[in-house]
Each structure stands twice: as C-alpha cells, then as structure tokens.
Amino acid sequence: MKKVDCSYCGNETELPFECNYCKDPFCSEHRLPEEHRCVKLSQIRAKRFGQKSIIREQKGGIFKKIFRRRKN
C-alpha cells in the first residue's frame, strides 16, 4: 500500500482519509473538515447560510438589561 502525506500536517499515513469537500488526503487526526480548516467547507457554508458576523457588544443590548448591576 502506498503511503501518503497528510495535506494539513505533512505526517506520512498508510490509511489516508479523503475529504468529501476538498478531496485532499489527510491523516486520522485531521480527517474531519473542521480539523483541517477546509476551505471548501467554509465556501459552502458562506453560500448556504451567508456571512453572518456575531455582534458581541451593543449599547443598551439585552444582556446589559438583564445582567446590569443595580446600585443601592
């Protein structure tokens, strides 16, 4: 059997896993798209769900209303 280098870490593996999205070979540690930061997966998610950014700070947001400290 032919040994193949992992496309992410470069380690030689006897049993490579092929990504369903980018079709590159990976070792067992990096076989999942999330583990090897698959570019194709990111592109597919962006097309399907849109680029939505998370807003962490808002003036007068709901969390400030719920968790605000009351002055005695």
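Helices and strands are here DSSP runs, a helix having at least four residues and a strand at least two, numbered from the N terminus. The model in the viewer is predicted.

**First stop: His30.** Select His30, which sits in the loop between β4 and α1. Its relative accessibility is 9%, and because buried means under 20%, His30 counts as buried. Leaving aside residues up to four places away in sequence, His30 touches Cys6, Tyr8, Cys9, Glu35 and His36.

**Second stop: His36.** Next, select His36, in the loop that runs between β4 (25–26) and α1 (39–49). His36 is also buried, at 6% relative accessibility. Display its side chain: one of its polar atoms lies 2.9 Å from the backbone oxygen of Leu32. Beyond residues up to four places away in sequence, the residues touched by His36 are Tyr8, Cys19, Cys22, Phe26, His30 and Arg31.

Which residues make up the largest nonpolar core? Select Cys6, Cys19, Cys22, Phe26, Cys27, Cys38 and Leu41, seven residues in all. In soluble globular proteins, nonpolar side chains tend to be buried together. Now centre the view on Leu41, one of the residues of this core. With neighbours within four places in sequence set aside, Leu41 is in contact with Tyr21, Pro33 and Glu34.

**Last stop: Ile44.** Finally, select Ile44 in helix α1. Ile44 has a relative accessible area of 36% and is therefore partly exposed.

Key
Residues numbered from 1 in each chain as written. Predicted model: local features only at pLDDT ≥ 70, side-chain atom pairs only at ≥ 80, totals over all residues. Heavy atoms only, no water. Buried < 20%, exposed > 50% of the residue type's maximum accessible area, 1.4 Å probe, protein only. Polar contact = N/O pair within 3.5 Å; in protein donor to acceptor, adjacent residues only side chain to side chain. Contact = heavy atoms within 4.5 Å. Core = buried A, V, L, I, M, F, W, Y, C linked by side-chain atoms within 4.5 Å.
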